[in-house]
Number of protein chains: 2
Amino acid sequence: MRTAFHEQLETLTQTLSDMCGLAGLAMDRATQALLEADLSMAEQVITDHDQIAEMQKQAEETAFVLLALQSPVAGDLRLVVGSLQNVADAERMGGLALHVAKIARRRHPNHVLPDEVRGHFAEMGRVAVELGDSAKDVVVSRNSTQAAEISREDDAMDQLHQQLFNVLMDSEWKHGVAAAVDITLLGRFYERFADHAVEIGRRVVFEATGETAGP
Amino acid sequence: MRTAFHEQLETLTQTLSDMCGLAGLAMDRATQALLEADLSMAEQVITDHDQIAEMQKQAEETAFVLLALQSPVAGDLRLVVGSLQNVADAERMGGLALHVAKIARRRHPNHVLPDEVRGHFAEMGRVAVELGDSAKDVVVSRNSTQAAEISREDDAMDQLHQQLFNVLMDSEWKHGVAAAVDITLLGRFYERFADHAVEIGRRVVFEATGETAGP
């Protein structure tokens, strides 16, 4: 028999999963806005973020009601508390996509990215979508193997981020300080997006096994 | 009569408060490490961060036990959930101080900061300490007026951050791209430190009044 607890937990989990998927979609669109200097795409990401913020409120409310009325303990309590923490990470992922879109909008109609780094951002955008999708799936499946996949995607992001820095630091860089500042911030936003997905994956492993995933 | 609930909540609140104070202290020291290219000070911030991370675990454990054994509802539940969220922000504040210290260490024995921006960072460090102290006090006092003070300090931080960007973007900037990249990241770390303190202040207002503080 499905209990009220499990129904409410499923609602919470589904909202969290949807938030992760939407954050990935937002980063995908923000990356397109960046690559194509596409103002309407940037505007869409900025407008759509309200939805993610609204879902965060809903999820927090669901978790609150669940704790108040069902008083879960042990593993069930751990799931609810973990979901509450994951919701904060998912919202932040959406917030980072928003920041990327805002930089694209601020520089429009100019392109933010010199040609040397377009490929890096296209690839970081692709990895971000994978991370959003992995987080979306793993909070539902609670599959530790799938959670480990997130760490591999994060490694790919870190490598891209490092390569990006190498390009910036190259003495051949001729696009000036203003472009370097934008690109530094943008790189940081993608890196943080990945970090939050990693946090979500770690919590899922912890909830499933009681063990903290390394490193 | 003091109940077990109130004793455990007080332990949780005290740990959170201590974490905020330590995060402020860490940012103070990280700023000194940056201004003086002081390697041992940077190392101390990096080592001390383990303590903040350990306190986060303790606080999460206290909150978990409290939820499991006391099943608080209504305002009491809101306090526990809010504290759990605040603990994540306080840890992050410490993490941002750690990032600042790591940049100081990475560039040692060189100074990261050209003279034009030393004053900005000295001032951002000062505001960060104020923010840490305000957060430390407000989670205990739950005083809305004190929470509003955090917003004012955040405004000061935003203004300093903006001024820092103006210096970077100035056509007179002659310290190259590598220094600009470091300073962009550093500026972001101080700004985010302030944002997390603001989040803590907002939650305290919400817990005290049930109203979300604007904007």
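Student: What share of the contacts in chain A with a separation of 6 or more comes from residues 24 or more positions apart?
Tutor: 82%. Contact means heavy atoms within 4.5 Å. This is a predicted model, where local features need pLDDT of at least 70, side-chain atom pairs count only at pLDDT 80 or more, and totals for chains, interfaces and linings use all residues. Residues count from 1 along each chain as its sequence is written, chains are lettered from A and ligands numbered from 1 in the order written, and side-chain values use heavy atoms, with hydrogens and water left out.

Student: Which secondary structure does chain A have?
Tutor: Six helices and zero strands. Helices (H or I, at least four residues) and strands (E, at least two) are DSSP runs, numbered from the N terminus.

Student: Where does UniProt put the PhoU domain?
Tutor: The unreviewed entry places "domain: PhoU" at residues 16-103 and 122-204 of chain A. Such annotations may be inferred rather than shown by experiment.

Student: How much helix is in residues 16-103 of chain A?
Tutor: That span is 94% helix and 0% strand, and its end C-alpha atoms lie 27 Å apart.

Student: And residues 122-204 of chain A?
Tutor: 90% helix, 0% strand, with the end C-alpha atoms 28 Å apart.

Student: New topic. How many of the residues in chain A are buried?
Tutor: 52% of the 215 residues. Buried means under 20% relative accessible area (1.4 Å probe, protein chains only), exposed over 50%, partly exposed in between.

Student: What box do the C-alpha atoms of chain A fill?
Tutor: Roughly 65 × 35 × 20 Å, along the principal axes.
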